[in-house]
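Welcome! Take a moment to look over the sequence and the model below, and then read on.

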Amino acid sequence: MSKEQRIQRYTAPERINHWIVAFCFVFAAISGLGFFFPSFNWLMNIFGTLQLARILHPFVGVLMFAAFMLMFLRYWKENLFNREDWVWAKNILKIITNHEVGDTGRYNLGQKCVFWAAIISLLLLLVSGVVIWRPYFAPVFPIPLIRIALLVHSLAAVGLIIVIMVHIYAALWIKGTITAMVEGWVPAAWAKLHHPRWYREVREKQQENKP
Ligand code: HEM
C-alpha cells in the first residue's frame with residue numbers, strides 16, 4: 001500500500017505502551033483465574049511455578065495500572081462523549097450489521113465505553129488489590145474490609161476480562177484495525193469509513209504542513 005493510502009494512527013512509543021498493558025493483562029488475568037477456581041489452578045503455571053504466580057501477580061497488576069495511566073493521559077480527551085455518540089448509540093443495530101453512521105471522530109462510542117470501563121475497573125482492581133495484598137498491606141486492614149475488597153477485586157476482574165474480550169473481538173473483526181496497533185498505520189479508506197471526522201482533521205493538518 002502506498003504512503004498516500006496510509007494514515008499514521010499510533011507512534012512506536014504509543015504501541016509499546018499499549019502492548020505492555022496487553023501483556024500484563026494476559027498474565028494477570030490468567031494467573032488470577034488460576035487463583036479463583038480450583039479447576040483452573042493449573043493456569044498459575046503461566047509464571048513458571050504457582051508460588052511465582054502468587055508473588056508476581058500483584059506486581060504485574062501495578063505495572064499494568066501504571067502503563068494504562070500513560071494511555072489514559074494520552075487519550076482521555078479523545079474519549080470524551082459528544083453528540084455524535086448518540087447517533088451511534090441510536091443506530092446500534094446498523095453498526096452490528098457492519099454499517100457506519102454519523103460523523104465519528106478518532107474513537108466511536110464502543111471504543112469510548114471500553115476506555116472508560118478499563119480505567120474504572122483498573123482503579124477498583126488497584127485499590128482493592130492493595131487492601132488484599134499479603135504480606136505487605138493486608139495486615140493493616142480489618143478483616144471485614146478485606147472481605148469486601150476481595151469481592152470488589154473479583155467483580156472488577158471479571159468485568160475487565162469481558163470488556164477486553166469485546167475489545168479484542170472488535171480489533172480483529174473490523175478489517176484494517178489491527179495494523180493500527182501493530183504497525184502504527186491504517187488504510188485511508190478505513191479512516192474515511194469508520195472515523196470520517198478524524199480522517200478530515202488528519203488530511204487538513206497534512207495540507208497545512210505542506211510547504
Ligand atoms: C490483548 C489483546 C489486545 C489487542 C489485540 C488489542 C488491540 C487494539 C487495537 C488494534 C487498537 C487500535 C484501535 C483503534 O485505534 O481504532 C487498540 C487500542 C486500544 N487498546 Fe487494545 N488490544 C488488546 C488489549 C488491550 C488491553 C488489555 C487494554 C486495557 C486494559 C487495551 C486498551 C486499549 C485502548 C485504551 C486503546 C485506544 C482506544 C481508545 O482510547 O478508546 N487494549 N487495541
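Let us begin with a term for how open a residue is: buried means under 20% relative accessible area, exposed means over 50%, and partly exposed is anything in between (1.4 Å probe, protein chains only). By that scale, Y75 and Y107 are both buried. What you see is a predicted model, in which local features need pLDDT of at least 70, side-chain atom pairs count only at pLDDT 80 or more, and totals for chains, interfaces and linings use all residues. Residues are numbered from 1 along each chain as its sequence is written, and side-chain values use heavy atoms, with hydrogens and water left out.

**The iron site**

- The ligand carries an iron atom, which H18 (NE2) and H167 (NE2) coordinate at 2.0 Å; donors are N, O and S atoms within 2.8 Å of the metal (3.2 Å for Na, K and Ca), and sites may look incomplete since water is not among the atoms.
- H18 belongs to helix α1 (residues 12–36) and H167 to helix α6 (residues 143–173), so this pair links distant parts of the chain, 149 residues apart; helices (H or I, at least four residues) are DSSP runs, numbered from the N terminus.
- Why is the arrangement around the iron atom octahedral? Its six donor atoms subtend angles of 86 to 179 degrees, and six donors count as octahedral if opposite donors are over 155 degrees apart and all others between 65 and 115.
- H18 is buried because its relative accessibility is 13%, whereas H167, at 33%, is partly exposed.

**Aromatic pairs**

- A pair of aromatic rings is described by the distance of the centres and the angle of the planes.
- Rings of Phe, Tyr and Trp (its six-membered ring) pair if their centres lie within 6.5 Å; planes under 30 degrees apart count as stacked, over 60 as edge-to-face and the rest as tilted.
- By this rule there are 15 aromatic pairs.
- One of them is the tilted pair of F27 and F47, with 5.2 Å from centre to centre and 40 degrees between the planes.
- F27 is partly exposed because its relative accessibility is 28%, while F47, at 13%, is buried.
- Y75 and Y107 make an edge-to-face pair, because their ring centres are 6.3 Å apart and their planes meet at 80 degrees.
- F59, W133, Y136 and F137 come together in one aromatic cluster.

**Charges over rings**

- A charge sits over a ring if NZ of Lys or CZ of Arg is within 6 Å of the ring centre and within 35 degrees of the ring normal.
- The charged end of R6 sits over the W185 ring, 4.2 Å from its centre.
- Likewise, R9 has its charged end over the ring of W198, 4.6 Å from the centre.

Conventions. Four donors count as tetrahedral if all angles lie between 85 and 135 degrees; four count as square planar and six as octahedral if opposite donors are over 155 degrees apart and all others between 65 and 115; anything else is irregular. Helices (H or I, at least four residues) and strands (E, at least two) are DSSP runs, numbered from the N terminus.
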